[in-house]
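Reader: I am new to this structure. Please take a close look at one part of it, the place where the protein chains meet, and tell me what is found there.

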2 protein chains.
Amino acid sequence: MNAQSLHGHLDALLLAVLERGALHGYAIIEALRGRSDGRLDLPTGTVYPALRRLERAGHVASAWSTVNGRERRTYELTDSGRRALADQRSGWREFSATVGRFLDPGTTPTPAG
Amino acid sequence: MNAQSLHGHLDALLLAVLERGALHGYAIIEALRGRSDGRLDLPTGTVYPALRRLERAGHVASAWSTVNGRERRTYELTDSGRRALADQRSGWREFSATVGRFLDPGTTPTPAG
DNA sequence: CACCAACAAGTAGCGTCTCTACGTATGAAC
DNA sequence: GTTCATACGTAGAGACGCTACTTGTTGGTG
């Protein structure tokens, strides 16, 4: 599954991964891959710019650290990021329920509840 | 809910709406709005070009008809479109299950089943 | 008749987002 | 000393939906 279909939902995924604790970019990619059983295998050229966007938006904060003489930029959720994640979650539920009504009828509950 | 988050799934929605029978562009927009309780209210500038794309791809066929002296371009699913819709449906299930695992844990079944 | 709203189709240009393809560097294995 | 996994990053391209606009018909209001 490529990230093409993710369009607009990638930020939410990144925030969700960082919810469990601070991670550096490469580890985020591995977490996405691991927690999705290999379905989400995003290229660095997708994830790094996305993290920069999130930082510009104030949803994550980054700090350099040196581990084993290797430079890592570790990202962490901000309060704003936590709020954004909550919004994205409810947005996702509405979105998936609405689209599911057309593409996966029967399985999907009505958006209104 | 805007169509920004639809990115990559709009085609599937259009095919799904046409599955129930041929419709003209304006009626497709109304069907989307009606069947989603107003959540999907897509501008013509989004839908008409998308229908053209689907026609170029061979997934729909269009024909002009005059109803009450008014010109309508009616769209209809092709066999290719029906196959594409089936693909999009299974793609949607995998996509929503995968993303749901991160954004809607507990509710979403595992993609693998 | 003039005006306006709803219906109906369409285009142009813009901005956003992800992808491919690079470039750079360290540490470990062989 | 070469290769691989780790780790960060940018540049340019392509796809897609959005805003804003144009054109035209039908029907209602004044």
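Author: A search of the whole structure finds 12 salt bridges over all chains, a salt bridge being a side-chain nitrogen of Lys or Arg within 4 Å of a carboxyl oxygen of Asp or Glu. One of them pairs B:Asp104 with A:Arg93, and their closest N and O atoms are 2.8 Å apart. B:Asp104 lies in the segment after α4 (79–103) of chain B and A:Arg93 in helix α4 of chain A, so this pair joins two chains. Between chain A and chain B the count is six salt bridges. Among them is the one from A:Asp104 to B:Arg93, with 2.8 Å between the closest N and O atoms.

A word on the model and its conventions. The model is predicted, so local features need pLDDT of at least 70 and side-chain atom pairs count only at pLDDT 80 or more, while totals for chains, interfaces and linings use all residues. Residues are numbered from 1 along each chain as its sequence is written, chains are lettered from A and ligands numbered from 1 in the order in which they are written, and side-chain values use heavy atoms, with hydrogens and water left out.

Chain A has four helices and three strands, in the order α-β-α-α-β-β-α from the N terminus. Helices (H or I, at least four residues) and strands (E, at least two) are DSSP runs, numbered from the N terminus.

The contact (heavy atoms within 4.5 Å) takes 33 residues from chain A and 33 residues from chain B. The two chains bury about 3,100 Å² between them, 67% of it on carbon and sulfur atoms. Buried area here is the accessible area (1.4 Å probe) that two parts lose on being put together, summed over both. A:Trp92, A:Phe102 and A:Leu103 supply 27% of the area that chain A buries against chain B, more than any other three residues.

Across this interface there are also 14 residue pairs in polar contact, both residues at pLDDT 80 or more. A polar contact is a pair of N or O atoms within 3.5 Å; within protein, one must be able to donate a hydrogen and the other to accept it, and residues adjacent in sequence count only if both atoms are side-chain atoms. On the side of chain A that touches chain B, α1 (10–19), α2 (25–35) and α4 (79–103) each supply at least two residues. The largest share, 13 residues, comes from α4(A). By class, this side has 17 nonpolar, eight polar and eight charged residues. Ala, Val, Leu, Ile, Met, Phe, Trp, Tyr, Cys and Pro count as nonpolar, Asp, Glu, Lys and Arg as charged, and the others, Gly among them, as polar.

How the copies are related comes next. The same surface serves both copies, as 100% of the contact residues of chain A recur in chain B.

A:His7 also has a polar side-chain atom 3.0 Å from a sugar or linking oxygen of DNA strand C.
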